[in-house]
Structures are given as C-alpha cells and as structure tokens.
Amino acid sequence: TNISSGTSEHTELVVKANAIPALINLLSSSTSIDVRDQAIWALGNIAGDSSFYRDTILELGALDLIGKNIIETSSTSLLRNATWTLANLFRVTLNLKDKKEYVRQTLLLLARLIHSNDTDVLTDCCWALSYLSDSTTERIQMIIDAGVVRRLVFLLSHESSDIHTPALRTIGSLVTGDDKQTHYILSLNPVPHLLNLLSHSKMIVRKEACWIISNITAGNKSQIQTMMPLFPTLCRILDRDVYEVKKEALWAISNALSGGSHDQV
C-alpha cells in the first residue's frame, strides 16, 4: 500500500510484480478485515496513478469484490478506503467496452454509501458522484435513477464543508441535463441550501454555488424563475466578493438576462 502511494515509478514496480491480481485475490480469499482493507487501499492507489492500471483493475473483476466487502463489512476504515477507491476508479473518463455496467454497479454501491453517517465516506461518495456526473444526459439519468439526488441536496446543509464542494459539483453537472432532469432536481428544493452556501466562509463553496445557479439560469424561463430569490444575494456578491466568485455570479445574472422574460428582467 505504501509503495503504491509513492511515485509513478514505484507504482509501476508494484504492478510489474503482478500485484494487481494478487491484491484482488485477497479481497475474497483473506479472512482478515485488515488485510482486505489494505488490499482495497492499495488498489485505489494504483488506480489513481494510471487509467491503464485502473482499466486492468476493473477488467479483472475488482469492482464486484469491492462491492461485496462494502455490503458485508461494518469496518469504518474499510468503508472509507473502499469509497475512496471507487472515486479513484472514476476520476478519469472510462473508455472500456463495458463501462455502462461498471457505472451501474458503482451507482448501486454509492446509493448505499451516501446514507453513511461518516463524514469521510460521504465526502468521497460525493466526489465519486461528481466524476460520474460529468458526462452525457444518459449518465445523468442513471444517477437520478439511482436515487441519490435527494440525499445530495440534503448534504448541501451538512455540517462539514468538505462535503459541500463535491455535492455542489455533482448537482451543478446534473442540472446541465435536459429540461426534465433539471426540473426533477429543482423539485427537490435546492434553493434554500444554495442561498445559505452563497454566504459560506469558503470561497470555493460560494463559487461552486454560483456556478450551479448559472447552469440553471442558462435554462428555460421556469428554471430562471426558480432562481429569482437568489438574485439579491448574487447582486451583493458582485459588490463585495472576490473576483473568482463575482465572475460566476455575473454569469448567473447574465444568463438570466439573456433567457428571461420581460418581467423577470
């Protein structure tokens, strides 16, 4: 595990020693939770180093075994490392023939993990969803169908700011889908959460919240109307915030001015 978390040259040595199949084998053969935990962690390190290694890990059946360990364990450490590994498996776009099935399997696991009470698990779960959501309307629909969006919106008000950025990133990608998909997300009432996050102490959170709003105001007049309660705060951001946040807020307002009705303008 430690060697594979080093440089790319270190990881290459681990892979050349035939570590990937050996580590995958441990996920089913070892009776020790600690051993399986370390094996999952090592696979996550290797997957994060190279898309080729990541593809090899998936093609050798690691996802099924990681899922089995997630379902059967009560170990917080294993769940944290497994969730982090799932995120690493999808950090880079998949080009494998069976990628839709890998995504489907992973969403089933994330739909389970997103109801964890552990902040680390929730954070990496949201990051995994953010990587998966940066795709087509078909992928967005798969995420919606997985039943995770309501919980994502709820997590916008989680006490940990570490969760806010990946949750915002995911929702921001989801609202780039078609009108029906965006309407579903808006029906979950994210506006009060977004209003609170526009005043967040972290610049990146305020910026991501403005980015979501700009994606929604690029939609139809009904979607723009849903965002209208946020415009007084967006205008204050233009007056008081840092440049990075102001820019996203200006996009949100500009999109509304371009696509809004006469009354909305």
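## Basis of the description

Helices (H or I, at least four residues) and strands (E, at least two) are DSSP runs, numbered from the N terminus. The structure is a predicted model, in which local features need pLDDT of at least 70 and side-chain atom pairs count only at pLDDT 80 or more, while totals for chains, interfaces and linings use all residues. Residues are numbered from 1 along each chain as its sequence is written, and side-chain values use heavy atoms, with hydrogens and water left out.

## The largest pocket

The largest pocket has a volume of about 400 Å³. Grid points are joined across faces, edges and corners, and the volume is the space filled by probe spheres set on the points.

Twenty residues, given as 20 in the count, line this pocket, and Tyr-131, Leu-132, Asp-134, Ser-135 and Arg-139 lie nearest its centre. At least two lining residues come from each of H7, helix H8 (119–133), helix H9 (137–145) and helix H11 (161–174). Of the contributors, H8 gives the most, with four residues. By class, the lining comprises eight nonpolar, five polar and seven charged residues. In this classification Ala, Val, Leu, Ile, Met, Phe, Trp, Tyr, Cys and Pro count as nonpolar, Asp, Glu, Lys and Arg as charged, and the others, Gly among them, as polar.

## Residues of helix H8

Leu-132 lies in helix H8 and, at 0% relative accessibility, counts as buried. Buried means under 20% relative accessible area, exposed over 50%, and partly exposed in between (1.4 Å probe, protein chains only). Not counting residues up to four places away in sequence, Leu-132 touches Phe-90, Val-103, Thr-106, Leu-107, Leu-110, Arg-139 and Ile-143; contact means heavy atoms within 4.5 Å. Ser-133 also lies in helix H8 and is buried, with a relative accessible area of 1%. Leaving aside neighbours within four places in sequence, Ser-133 is in contact with Ile-140, Ile-143, Thr-170, Ser-173 and Leu-174.

A search of the whole structure finds two aromatic pairs. One of them is formed by Trp-127 and Tyr-131, which are stacked at 6.1 Å centre to centre with 25° between the planes. Rings of Phe, Tyr and Trp (its six-membered ring) pair if their centres lie within 6.5 Å; planes under 30 degrees apart count as stacked, over 60 as edge-to-face and the rest as tilted. Trp-127 and Tyr-131 both lie in helix H8, four residues apart, about one turn of the helix. An α-helix has 3.6 residues a turn, so residues three or four places apart point the same way. Trp-127 is partly exposed, with a relative accessible area of 23%.

## The buried face of helix H5

In helix H5 (residues 62–72), the buried residues are Ala-62, Leu-63, Ile-66, Gly-67, Asn-69 and Ile-70. Seen down the axis of H5, these residues fall within an arc of 160°, so they line one face of the helix; the arc is that of the directions from the helix axis to the C-beta atoms. The buried residues of H5 pack against helix H2 (19–29), helix H3 (33–49), helix H4 (51–59), helix H6 (76–89) and helix H7 (99–113). On the face turned away from the buried side, H5 carries the exposed residues Asp-64 and Glu-72.

## Loop residues

Most residues other than glycine have a negative phi. Asn-18, in the loop between helix H1 (8–16) and H2, has a positive phi near 65°. Asn-189, in the loop between helix H12 (179–187) and helix H13 (191–197), has a positive phi near 60°. Asn-189 is partly exposed, with a relative accessible area of 42%.

Val-242 is found in the loop between helix H16 (231–240) and helix H17 (243–259), and its 37% relative accessibility counts as partly exposed. Not counting residues up to four places away in sequence, Val-242 touches Met-203 and Arg-206. The C-alpha atoms of Val-242 and Pro-229, 13 residues apart in sequence, are 22 Å apart in space.

Conventions:
On a 1 Å grid over the protein atoms alone, a cavity is a set of points where a 1.4 Å probe fits but cannot get out, and a pocket is an open set with protein on both sides within 12 Å along at least five of seven lines; lining residues have an atom within 4 Å of a point.
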